[in-house]
Amino acid sequence: MPTVRRWLKGLDVVFTVETPNDWRMPLWCREMGVKLIIQGNPEFVRHTSDPSIPHPDAWWWPTSWRTDVLPVGTVMPVPMNRQPNMFMADGPLSLLHVVGKRAHADRNGTELLVQAMRMVTADVKLLVTGIDGSLPEFRRQRNVDLDLRPNGFTDRWEMYWGQHVLVLPRRYGGLCLPALEAGASGTLVMMPRISPNEELAAWVVPPQRSRPMQFAGGVVNVCDVNVADLAADIDRLARDRRLLWDASSRQSTMVRDWAEMRPIYLAEMEALL
């Protein structure tokens, strides 16, 4: 605690994402006259069920997901620095799927994509990336040029270079950094039509079914898309480039950049003082 207090001395505002790591931090900040902002993780915030956990001076939420059951706060989108990219106008559709570190209940829908790819009939390229050295098995098929990267990329932006579509049949919502990064790179994002994906993806696939699942922050609906619908949408985009370019143009408007959001972030911080 003395180390934290020395660090807090002279600060006006502390901003942290998801957690302050030690939930005594809100108390220490108040004692030191420092304002604390937490941009929360909606499935893990336990404050509504456990009143003993102290609140920050302000909650910020990265999307509107679950804001009806979360502590009152401001929806503050996470901005990105836009990245250059280059896409092939002809040739196979280039798909990207980010497995990353597999989260609870196959959050990114990797198993759904494994099934859907068996039904894709168009010629496509598929890049699948992980970070922990292992990936699920994708069936080899003639129309799919498969590139598996179980250890990912040193520079994450390389994942998006030349990719037409990020396919992410994500089973439950929340902020999705690969979706933001893809959008900042000009890559179309395809996700299920569940909250908050319509804030993140310009191409949404109807969910087939959902089931409740208990998380630290309460009950969350976990959904599956129909894998045949997912495959059909991939085929549509592969065969109609005008459809792809129109959707990609919409995608580019969905990502907020730092030049736009920096003064908004600073103004919200100053309003607390």
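The structure is a predicted model, in which local features need pLDDT of at least 70 and side-chain atom pairs count only at pLDDT 80 or more, while totals for chains, interfaces and linings use all residues. Residues are numbered from 1 along each chain as its sequence is written, and side-chain values use heavy atoms, with hydrogens and water left out.

Helices (H or I, at least four residues) and strands (E, at least two) are DSSP runs, numbered from the N terminus. The buried residues of α7 are Met261, Tyr265 and Met269. Seen down the axis of α7, these buried residues fall within an arc of 75°, so they line one face of the helix; the arc is that of the directions from the helix axis to the C-beta atoms. The cover over the buried residues of α7 includes β1, β2 and β3, with contact taken as heavy atoms within 4.5 Å. Helix α7 comprises 15 residues (258-272), which at 1.5 Å a residue should span 21 Å, and the distance of 21 Å between its end C-alpha atoms agrees; the expected span is 1.5 Å times one less than the number of residues. At the N-terminal end, Asp257 caps α7 through a side-chain oxygen that lies 3.2 Å from the backbone nitrogen of Ala259.

Strands are taken to pair if DSSP finds at least two bridges between them. Four strands form an open sheet in the order β1-β2-β3-β4, with parallel pairing, and its edge strands, each pairing on one side only, are β1 (13-18) and β4 (74-75). Within this sheet, strand β2 (residues 35-40) is joined to strand β3 (residues 58-61) by three bridges, and Trp60 in β3 is the bridge partner of Gln39.

Gln39, which is found in strand β2, counts as buried at 5% relative accessibility. Setting aside residues up to four places away in sequence, Gln39 touches several residues, among them Phe15, Thr16, Trp60, Met76 and Tyr265. Between Gln39 and Thr16 there are 23 residues in sequence but 6.4 Å in space, C-alpha to C-alpha. A polar atom of the Gln39 side chain also lies 3.0 Å from the backbone oxygen of Met76, a polar contact being a pair of N or O atoms within 3.5 Å in which, within protein, one must be able to donate a hydrogen and the other to accept it, and residues adjacent in sequence count only if both atoms are side-chain atoms.

Rings of Phe, Tyr and Trp (its six-membered ring) pair if their centres lie within 6.5 Å, with planes under 30 degrees apart counted as stacked, over 60 as edge-to-face and the rest as tilted. The count by this rule comes to eight aromatic pairs. For Phe15 and Tyr265, the ring centres are 6.2 Å apart and the planes stand at 65°, so the pair is edge-to-face. Phe15 lies in strand β1 and Tyr265 in helix α7, so this pair ties together parts that are 250 residues apart in sequence. Phe15 counts as partly exposed at 32% relative accessibility, whereas Tyr265 counts as buried at 6%. Ring pairs link Phe15, Trp60, Trp258 and Tyr265 into a cluster.

Terms used: Buried means under 20% relative accessible area, exposed over 50%, partly exposed in between (1.4 Å probe, protein chains only).
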